[in-house]
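Dear colleague,

I am passing on the structure below for you to look at. My notes on what was found in it follow.

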Amino acid sequence: SFDRSGAIGALRAIARWDGANWNGLRGTNEPPNTVLTILPQAEGRLLVGGLGTSHLHLWNGASWSLALGLQRGGATPLAHALAQRASTVVVGGSFQDVSAADFSGAQPAANIAEWTAGQIMAVGTGLGTGVNGPISAVAVIGGDVYVAGAFNRAGSTAVRSIARWNGSTWADVGGGLSYGPGNAASVFGPAYANTLLVQGDT
């Protein structure tokens, strides 16, 4: 979270360095003050999530638009992690419903959803259609989606803070990680030799 970079003055939590200068990405529908996750897209686009917003925000190289609506009962929703799975964007965080940017067509999505060409769908089957707690990290390896966070159930499968979605079912990952309030993996590192790197308070 920052509001200034180098000598260019006011920014809003996201800036671009071109090798010589800082550039702000300002405009209507820009992201909130605290950006938590950025996912580069084709043709210079960026998909951004963060604190204090009920949307994902899309930068098209020149301006911002609202890409996806998130809802969480009476609380503020949170998009904490984004990952690319073929042509689909996987969104993980803390939310109960996903919808179009104008909040039309809302559908239940327990802390994880997929977004493809403007189409939204929940991830998983069984109890809760997702995971039963906030997701803080998402990674895709070999087409499988890995999620980590403060949860102990994925769909109807018992897990410990980490789970794998293969496109049809949820599965435990090696017995999991430590589980408890404030005790969860926070970040997945880049895939290393087709393996998963996990870091955080585990």
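**Contacts, burial and aromatic pairs**

Leaving aside neighbours within four places in sequence, R16 is in contact (heavy atoms within 4.5 Å) with N21, W22, N23 and L25. Please bear in mind that this is a predicted model, in which local features need pLDDT of at least 70 and side-chain atom pairs count only at pLDDT 80 or more, whereas totals for chains, interfaces and linings use all residues. Residues are numbered from 1 along each chain as its sequence is written, and side-chain values use heavy atoms, with hydrogens and water left out.

R16 lies in strand β1, residues 15-17, a strand being a DSSP run of E of at least two residues, numbered from the N terminus. With a relative accessible area of 44%, R16 is partly exposed, where buried means under 20%, exposed over 50% and partly exposed in between, for a 1.4 Å probe and protein chains only.

Three aromatic pairs are found in a search of the whole structure, the rings of Phe, Tyr and Trp (its six-membered ring) being paired if their centres lie within 6.5 Å, and counted as stacked with planes under 30 degrees apart, edge-to-face over 60 and tilted for the rest. One of them is the tilted pair of W17 and W22, at 5.3 Å centre to centre with 55° between the planes; W17 is partly exposed at 46%, and W22 is partly exposed at 35%. W165 and W170 also form a tilted pair, at 5.3 Å and 45°, and both W165 and W170 are buried.

S99, in strand β9 (residues 97-99), is buried at 0% relative accessible area.

Best regards

How values were computed. Helices (H or I, at least four residues) and strands (E, at least two) are DSSP runs, numbered from the N terminus.
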